Amino acid sequence: MPVPAVQLYSVRTEIATRPAATLRSIAEMGFRAVEPTAGLVGDDPHAFRDALASAGLTVSSLHGPLLDERRDAVAAAAAAIGTDTVVIPAITAQGFADRASVEDSARRVNEAARWAAGAGLRLGYHNHHWEFAQVVAGRPAFEPFADLLEAGVLLEIDVYWAHVGGADVPELLGRLGERVSHLHVKDGPGTVDAPMTAVGSGTLPIPAILAAAPPGAWRIVELDRCDGDMLDALARSRHYLAGLAA
């Protein structure tokens, strides 16, 4: 199993107050890469790149909005921090409300992917729960949406939110196959609002999920929120995943 990365949204509070120390702590846990958000990179992506390098961390991908006028700044940030992959963090639930909305969402992502390719970037899409909870023509809305995406568009499957939306995640990953380039690995009670837990201590079948994913797909630990210390939860997640890989 690839060495997992951390989605830095997990430590957004810690980075706001002690950025260098937080990045060092992530590296000391055994993580070797991170997935920043465009907001956390800030106005000086070169300084952010230097901070990552000082901690011994590389970049798996960048979460950033490529569907609006911010795309030029996001592309520049990706180049500065050393990644060729940008992931759209979300399209709102309205974008998956019916067939017409799904078609329009796919059209927008495909257009952004063509623009990104012209800038030397690959584009991915990250799901939440609503793409699976909402049904279009008898299928979870995510599935016709994925069918309409052009072949070069990557899928970053957030396993927790897919589960919350009603998906059988191992089965979903098996069906999507090599289209899945990134996973958000998280755990918890499997509800929309409750705090998440360290990976391996919640209700998701993490071993089955990881076994069903493409071997080369990035495994990116993300905890949107949790009770207790976030860095401790990330360290326990890293320990659990290392045990699975042993």
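Modeller: Two strands pair if DSSP finds at least two bridges between them. Strands (E, at least two residues) and helices (H or I, at least four residues) are DSSP runs, numbered from the N terminus. The model is predicted, so local features need pLDDT of at least 70 and side-chain atom pairs count only at pLDDT 80 or more, while totals for chains, interfaces and linings use all residues. Residues are numbered from 1 along each chain as its sequence is written, and side-chain values use heavy atoms, with hydrogens and water left out.

Colleague: In β10, which residue is the bridge partner of isoleucine 157?

Modeller: Strand β9 (residues 154-158) pairs with β10 in the parallel sense, over four bridges. The bridge partner of isoleucine 157 in β10 is leucine 183.

Colleague: Which strands stand at the edges of the sheet?

Modeller: The sheet is open, has nine strands with parallel pairing, and runs in the order β3-β2-β1-β11-β10-β9-β6-β5-β4. A strand with a single partner has one side left without a neighbour in the sheet, and so the edges are held by β3 and β4 (62-63).

Colleague: Is serine 181 buried or exposed, and at what relative accessible area?

Modeller: Serine 181 is found in strand β10 (residues 180-185). Buried means under 20% relative accessible area, exposed over 50%, and partly exposed in between, with a 1.4 Å probe and protein chains only. Leaving aside neighbours within four places in sequence, serine 181 is in contact (heavy atoms within 4.5 Å) with Leu154, Leu155, Ala217 and Trp218. Serine 181 is buried, its relative accessible area being 15%.

Colleague: Around the axis of α4, how many degrees of arc do the buried residues cover?

Modeller: Helix α4 (residues 45-55) has Pro45, Phe48, Leu52 and Ala55 buried. They lie on the same side of α4, because their arc (of the directions from the helix axis to the C-beta atoms) is only 80 degrees.

Colleague: Which exposed residues does the face of α4 turned away from its buried side carry?

Modeller: The buried residues of α4 pack against elements including α2 (19-28), β2 (33-35) and α5 (71-81). The face turned away from that buried side carries Ala53 and Ser54.

Colleague: How far apart are the axes of α4 and α5?

Modeller: Axes are lines fitted to C-alpha atoms, for helices over the stretch in contact, and angles run from 0 to 180 degrees between N-to-C directions. The contact is made by Pro45, His46, Phe48 and Arg49 of α4 and Ala77, Ala80 and Ile81 of α5. The two helices, α4 and α5, pack at an angle of about 30 degrees, and their axes are apart by 8 Å.
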